[in-house]
Amino acid sequence: MLLDDASAEFHDFFERHYSELARLAHLLTGETDAADDLAADALIALWQRWDRLRAADHPLAYARGVVANIARARIRSAVRERRRVLLFWSRNPEKTEGPDVATVLDVRAALARLPFRKRACVVLRFAFDLSEKDTAVALGISVGTVKSQTSKGMAELERVLGARAVGELATGRRNR
């Protein structure tokens with residue numbers, strides 16, 4: 001394929017999937033402003049490997065995995081930075097006694113509380129309606145891990161949001 005053909009093919013991939021990848025980044029990080037940047041960074045990484053990627057069986061699954069990895073790195077970096085700031089500014093950090101239920105009003109806030117892998121499994125399964133197999137491919141984990149992480153994530157959401165809210169969240173996806 002000529003470079004122009006590869007560019008056109010990538011441009012088509014970009015146009016079809018950029019919004020979805022940005023939405024995934026937003027749901028994984030909870031940061032609206034960073035979502036576009038994360039999706040753009042992922043697409044730059046995909047362009048650099050486009051020769052191999054376009055021959056892959058599931059390029060979108062690979063793209064989702066790249067977004068998930070970049071989001072994970074961003075979250076880890078933010079956590080490290082927060083710890084450094086706390087160590088610097090606080091001699092006696094205040095301890096909280098659990099979540100402030102009054103502030104946990106929507107699913108995004110509850111999702112932000114989940115560990116990354118549980119959050120990624122719940123988001124891909126319910127928000128993106130991926131099958132367990134497709135979720136496993138996107139995250140580079142086994143189907144069994146997807147099942148257990150999704151189940152544990154939903155149980156944690158139920159504790160925070162209540163059974164009714166989680167039931168409403170789950171009814172939005174098809175059984176796969």
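These legends accompany close-up views of a predicted model.

View 1. Helices (H or I, at least four residues) and strands (E, at least two) are DSSP runs, numbered from the N terminus. Along the sequence the pattern reads α-α-α-α-α-α-α-α-α.

**View 2. Surface and interior of the protein chain.** Of its 176 residues, 37% are buried. Buried means under 20% relative accessible area, exposed over 50%, and partly exposed in between (1.4 Å probe, protein chains only). The accessible surface (Shrake-Rupley method, 1.4 Å probe) is about 11,200 Å², with 51% belonging to carbon and sulfur atoms. Among contacts (heavy atoms within 4.5 Å) with a separation of 6 or more, 67% join residues 24 or more positions apart.

**View 3. Helix α2 covers residues 32–48.** Buried in α2 are A34, A35, L38, A39, A42, L43, A45 and L46. An α-helix has 3.6 residues a turn, so residues three or four places apart point the same way.

**View 4. D129 sits in the loop between α6 (116–127) and α7 (132–139).** Phi of D129 is near 55 degrees, a positive value in a residue other than glycine. D129 counts as buried, because its relative accessibility is 15%.

**Notes.** Residues are numbered from 1 along each chain as its sequence is written. Local features need pLDDT of at least 70 and side-chain atom pairs pLDDT 80 or more, while totals for chains, interfaces and linings use all residues; side-chain values use heavy atoms, leaving out hydrogens and water.

Note on methods: The expected span of a helix is 1.5 Å times one less than its number of residues.
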